[in-house]
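Work through the following exercises with the coordinates open, and try each task before reading its solution.

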Amino acid sequence: MEPGPDLNHARTSDGVTIAYQVTGAGPAVVWLPSLGNLRAQWRVSAFRSAYEHLAP
């Protein structure tokens, strides 16, 4: 199974680091699932299916 999209990071002006992934070509969607590990989420079939459905 593929690990999912590349993991990127952004830092806010107050020093907080936010991890994010980019997939698909549609408009931007912010998705905040309950799991904090983005790479692990792609290994859960329900999450993977939801992400693939949201990002045509």
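This is a predicted model: local features need pLDDT of at least 70, side-chain atom pairs count only at pLDDT 80 or more; totals for chains, interfaces and linings use all residues.

Residues are numbered from 1 along each chain as its sequence is written, and side-chain values use heavy atoms, with hydrogens and water left out.

**Exercise 1. Aromatic pairs**

Determine how many aromatic pairs there are and classify each one, taking rings of Phe, Tyr and Trp (its six-membered ring) as paired if their centres lie within 6.5 Å, with planes under 30 degrees apart counted as stacked, over 60 as edge-to-face and the rest as tilted.

Solution. Step one is the count, which comes to 2 aromatic pairs. In the pair of Trp42 and Tyr51 the centres are 5.2 Å apart and the planes make an angle of 50°, which is a tilted arrangement. Phe47 and Tyr51 have ring centres 6.1 Å apart and planes at 20°, so this pair is stacked.

Step two places the residues: Phe47 and Tyr51 are 4 residues apart in helix 2 (residues 45-54), about one helical turn, where helices (H or I, at least four residues) and strands (E, at least two) are DSSP runs numbered from the N terminus. Trp42, Phe47 and Tyr51 form one aromatic cluster.

Step three asks for burial, where buried means under 20% relative accessible area, exposed over 50% and partly exposed in between (1.4 Å probe, protein chains only). Trp42 is buried at 6%, Tyr51 is buried at 11%, and Phe47 is buried at 18%.

**Exercise 2. A nonpolar patch**

Which residues form a nonpolar patch on the surface, and about how much accessible area do they have together?

Solution. The patch consists of Val29, Trp31 and Leu54, with about 300 Å² of accessible area together. For nonpolar side chains (Val, Leu, Ile, Met, Phe, Trp, Tyr), the rule requires over 30% relative accessible area and no salt bridge, and joins them within 5 Å; areas come from the Shrake-Rupley method with a 1.4 Å probe. Trp31, found in the loop between strand 2 (17-20) and helix 1 (38-41), is partly exposed at 44% relative accessible area.

**Exercise 3. The salt bridge**

Find the salt bridge, defined as a side-chain nitrogen of Lys or Arg within 4 Å of a carboxyl oxygen of Asp or Glu, and describe its two partners.

Solution. The structure holds 1 salt bridge, in which the side chains of Glu52 and Arg48 meet at 3.6 Å, N to O. Both residues lie in helix 2, 4 residues apart, about one turn of the helix. Glu52 is partly exposed at 47% relative accessibility, whereas Arg48 is buried at 14%.

How values were computed:
Patches are made of residues with over 30% relative accessible area and no salt bridge: like charges are joined within 9 Å, nonpolar side chains (Val, Leu, Ile, Met, Phe, Trp, Tyr) within 5 Å.
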